[in-house]
Each structure stands twice: as C-alpha cells, then as structure tokens.
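This briefing covers a helix, a sheet and a chain contact, taken in that order. Please read it alongside the sequence and the structure shown here.

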Protein chains: 2
Amino acid sequence: MSILVVGSVAYDGIETPFGKVDRILGGSATFISITASYFTQPMHLVGVVGNDFADEDLQRFNDRNIDLEGLQIDKSGKTFFWQGRYHYDLNNRDTLDTQLNVFERFDPIIPNSYKNPRIVCLGNIAPALQSKVLDQVNDPELVILDTMNFWIEGAREDLMKTLNRVDVLIINDSEARELSGEPNLVRAADAIRKMGPKTLIIKKGEHGALLFTNSSIFSAPAYPMVDIFDPTGAGDTFLGGFAGWLGRSGDFSDDNFRRAVIYGSAMASFCVEKFGPNRLFDLTPTEIADRYTEFRALSAIPLQSENSF
Amino acid sequence: MSILVVGSVAYDGIETPFGKVDRILGGSATFISITASYFTQPMHLVGVVGNDFADEDLQRFNDRNIDLEGLQIDKSGKTFFWQGRYHYDLNNRDTLDTQLNVFERFDPIIPNSYKNPRIVCLGNIAPALQSKVLDQVNDPELVILDTMNFWIEGAREDLMKTLNRVDVLIINDSEARELSGEPNLVRAADAIRKMGPKTLIIKKGEHGALLFTNSSIFSAPAYPMVDIFDPTGAGDTFLGGFAGWLGRSGDFSDDNFRRAVIYGSAMASFCVEKFGPNRLFDLTPTEIADRYTEFRALSAIPLQSENSF
C-alpha cells in the first residue's frame, strides 16, 4: 500500500550522556520513511535538502527503496541543521543550535506520481504546509499527523483547520493537555477527537502510549530499556512503524490500530539503541517480529483462574 | 488463607478539588485489611487507636469480618490524625497537620492466635517495627512490605535489615530511584531485588505499575480515570488487593503475581472514586470481576495477523 511521507530531512548534531556525533542524518521524514520502508512499498518522500547533502545519505534512502522524486534539492543553501544535548535522564534536552536553512522556504510540491497515496504521513511541519499537502492528493484512505507545542501555541488556527482533515493524530501527553486545555488525558482525548481525528495516540515516553478510538481505549506498554543511547527520532520512528504496519496490512480496524501502536513502539525501541537513525538501517524482519512478541509478553494479563470472583 | 496486616489505623482530614471531609477513617492497615477482606479470610489486624476511636468505625471492621484482637486501644491519647490537601492534578498534596498521638508509642504485639499467618502485610511503619512483627510470627509463606521516602532517608540501615526478610516490596517510582540510587527503573529494580525482595512492584500512579520477578517484567496499565475523587489510600488498597488475591488463590507463581497486580490495580481504581475508604465498603464480587476484565481489555494486544513478519 503506497505511503506518502512529508516532513523535514536534516542533519543533526547530538550529544547524549553516552556519546557525541557532530553531524548525522535526521529529520522527521527521514525517520518515518526509513522505518515504514520495512513494512510496505512504495514509499514516496517529499522534503527539501541543501547543497551540502551528501550522496551517501541519498544512497541510504535508495537502499531502502524510498522514492526521492519529491525530494527537492535547493542549491541556494544548506540543509536544515539542528544541534542538541540530552540531559542525564534523557527526558529533557537543550537545543544548542537551529539553522533552518533551505527548510525555511520549504514548499511541499507533490509530484504527479505521488498523487494517489493510500496513506499520508504528515510529519511535524507548519500546519498550513500540512494542509497544502492534503490539497494536492486524491482521497487518501488514511491521513496521519504529527505536530508539536510550537504549532499549538503559534499556529492554532491553521492547526485546527488541518486537524479537521486528519484521521489519526499522534502527539505526546503535554501536547495533548495543551491542545485541549484539559489536564486529565481521558477528557483531553475526548476534546481532541472532536477537533477532527477519530483516532488519537498519546505518547507518554517511558510510560508507553494510549490509543483512543471509537470503540475503546488501549494502553500500550513501554519497552523496559536499560540503555537508551539516543532518543532522537523515536517519535517519528513510532509514526513510521504505525503507518508502515497499517500500509502492510491494509486493515484500519480498531484491533489492527492496536497492532500498529505496538509496531510503532517496537520500531521506536530499536531507534534509541544507536545514534540517529543508524539502528534503522540494519534491522531484520525476525528482529521486528521478536520485539512485537516481547511487547505482547510484557503486558499479557492471564485469564482469571478458578478462584476468581 | 490467613493474612496478617500491620500498620496504622487513623483518622484523616482530606481536601480535594472536589470536596472536603474533616474526619474520616484512614490508615494503611485500614485500607489493606478492608480491601483484602473481599478476597480471603481470616483477616488479622494489628494496630493502635486512641480514646476517640468511634464504635461505628470498629463496627465497619467487624462488618468486613476483620479480626480486631490485635487492635490495641490506648486510652491515654487520641488516634493518629493526618490532614492534607490535594492539588488540582491530584498527584501532589500538602500535609497540613500530622498528630501521631498514640501511634507514636505503637509497639506491635502479635496475639497468639495470629502467629501462624500464611501471608504478612507490613504497611508503611518504621522498618524496625516491621522487623519486630516478623520476629513474632512463625514461617509465613509470603511477606509483603510497603515503605516510603521518609524511612529510606531516615532509617536506611533498619530498612535494609527488614528488606532482607521480605518476599515482595511495593514502592513507587521515586522511592525505587531513591532506594537504589539508579534513575533507570530496570536497573533500579535489579539493585533492589538484590537487597532481598525477589518480587518487586513499582507503582507509577497514573501510568500503571511494573512487576519484576525472576522470570519476567510485567507492565500493568492504569485504569483511565475521568474522575479521581480522592487518591487517599490508593497505594494501601493496591497492596490489599494484591495480597488478598494471593491469599484467595494460594498460588505464588509469576503468572499469578500478574493477576494479583491487576486485582490490586482494580481495587485501587475503586478506592479513588469516593472519600477515604468509603467505596471499599459497598463493592460486589461482580464489580471486582468486571473491573479485572476491563483491565485485560485495556491492554490486550492482538496476535500478529497474516501480514506479520
């Protein structure tokens, strides 16, 4: 099932308590498309890079069979660069440098060959640009959107318009509280689902994720990590695994959304094992299947026994 | 299966964003024994109350078939009194008043008829007193202990001695980090299990709980609550449900510990629906069974489907 991925393609400089890398491939569209490429094809990417983008990084996308027709190469400037440092607990980070470069003028143009995607993944970019993507595609079956506090605070009106056109919203708990104005997550979810997205995923970091659909609430566990090496891109990787599984299975039932949340969680648990997207280039199908099984075992509640009420 | 419960019996003054009560039955031994009484009998309570303890509160224990032979009535003073106010998010509270009263001189004496308990529940009291309880009983099959930051900081040496005699420790995430000196909960659990308790439960409030045993890690979901009326006693109620189920089933396997965590969570989710222990006096077996089923549904991950890896 074809997936269209729109978002940033970037270089990141990352410092964690465990190491440092000056410049590594990053960006939401990168993590989403690389991850989803394990699940389904074709994978269509739309983004922009600058004159400094390395051939070997283009090759990394090619190696994963990601269609780059929609990747604009803007020779007038450099690629979006972000530099950050994670604190000891890895839940907080300081942004040390942000150079938007060619991303500042990013205008997503959807090539003709991309115009009939079954699933659209809108990575975290300005809500007005996310709407512009939707204007250019023909009746996708499922639109999945990521956003962040920056847009909730600074572009709420645009965001509300976009949300109304979206099937699945994936945000974290603080974003859900801010977007809804509700501290209680169950109430927050009710309020957000009235804004448009009938399916809502609230990510809670080390505490797993909640999936809200018409029929139920699903509480997904987090994988108990001893060593989180680098959290960069974990949220985008979650989206990639979620969308990838839905594209692979073609099943948009509530039960299958639960599976998709677990595949997203499984892929995110791989992502954090190495710097940037590095772990996402050498995965095997068996590793992915095994991690899915581990998640099931982690949260399996036995049936009641003979002494039950 | 007989259960011995040792802890505080108190009066609480509670203010939440939803209401206020000047004086209501409380204390760890109260919540634990009342909750466990739904699961198994006999239930033996050891604690102390003062000259102000009301007959109707004694009757509430009697109505739940809780044996009060070990409840000391110290006429020389008043019952332990705690007063607190919860913040809007209910995760934090201010203690407004603490009057230890007769609890300050509490010396747990185990009546002869209590000396062969199958399960011992040591509520949150001084670790030296918890050890003193263990000195007086004959080979219980399972010892379950609760503690708190106050003892981790102020009575670490005593606590370490007690921990070495315990099978199951139930604490929250910040206490686990403080006790072990490890920010990562998986590492913290490893360190704590080396201190004695082979089974460790780390409660994470609105994020559920983690169960660490020799064979596995279990991630238990939290019940998505729209209305938490009063969190007082929820942790003790968890312990009561956990111990109660183990006493009812007589099965100390890792799989059954998982069930016990869910029964504990289910009972805690009832506790918070009304002030103090009030909700714990009018439960039905069907309500308990239904909530167990709801927890299973909440975290059920479907098997992989035909499109799986």
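## Briefing on the predicted model

In chain A, helix α8(A) comprises 16 residues and reaches 22 Å from its first C-alpha to its last, which is close to the 22 Å expected at 1.5 Å a residue. This is a predicted model, and the points below are to be read accordingly.

**Helix α8(A) and its end**
- The helix α8(A) is mostly covered, with 16 of its 16 residues buried.
- Just after α8(A), the residue A:Gly250 takes a positive phi of about 65°.

**The open sheet of chain A**
- Four strands of chain A, in the order β3-β2-β6-β7, form an open sheet whose pairing is mixed.
- Because β3 (19-26) and β7 (93-99) of chain A stand at the edges and each has a single partner strand, one side of each is left without a neighbour in the sheet.
- Neighbouring strands of this sheet are turned against each other by 15° on average, direction ignored.
- Strand β2 (residues 10-16) of chain A is joined to β3(A) by six bridges, and the two run antiparallel; A:Asp12 stands opposite A:Ile24 in β3(A).

**The contact between chains A and B**
- Chain A and chain B each bring 37 residues to the contact.
- On the side of chain A that touches chain B, the elements giving two or more residues are α7 (185-193), β13 (217-220), α8 (234-249), α9 (254-271) and α10 (285-299) of chain A.
- Of these, α10(A) gives the most to that side, with nine residues.
- By class, the side of chain A that touches chain B has 19 nonpolar, ten polar and eight charged residues.

How values were computed:
Residues are numbered from 1 along each chain as its sequence is written. Chains are lettered from A and ligands numbered from 1 in the order in which they are written. This is a predicted model: local features need pLDDT of at least 70, side-chain atom pairs count only at pLDDT 80 or more; totals for chains, interfaces and linings use all residues. Two strands pair if DSSP finds at least two bridges between them. Axes are lines fitted to C-alpha atoms, for helices over the stretch in contact, and angles run from 0 to 180 degrees between N-to-C directions. Two residues are in contact if their C-beta atoms, placed from the backbone, lie within 7 Å. Ala, Val, Leu, Ile, Met, Phe, Trp, Tyr, Cys and Pro count as nonpolar, Asp, Glu, Lys and Arg as charged, and the others, Gly among them, as polar. The expected span of a helix is 1.5 Å times one less than its number of residues. A residue is buried if 20 or more other C-beta atoms lie within 10 Å of its own, exposed if 12 or fewer, and partly exposed in between; C-beta atoms are placed from the backbone.
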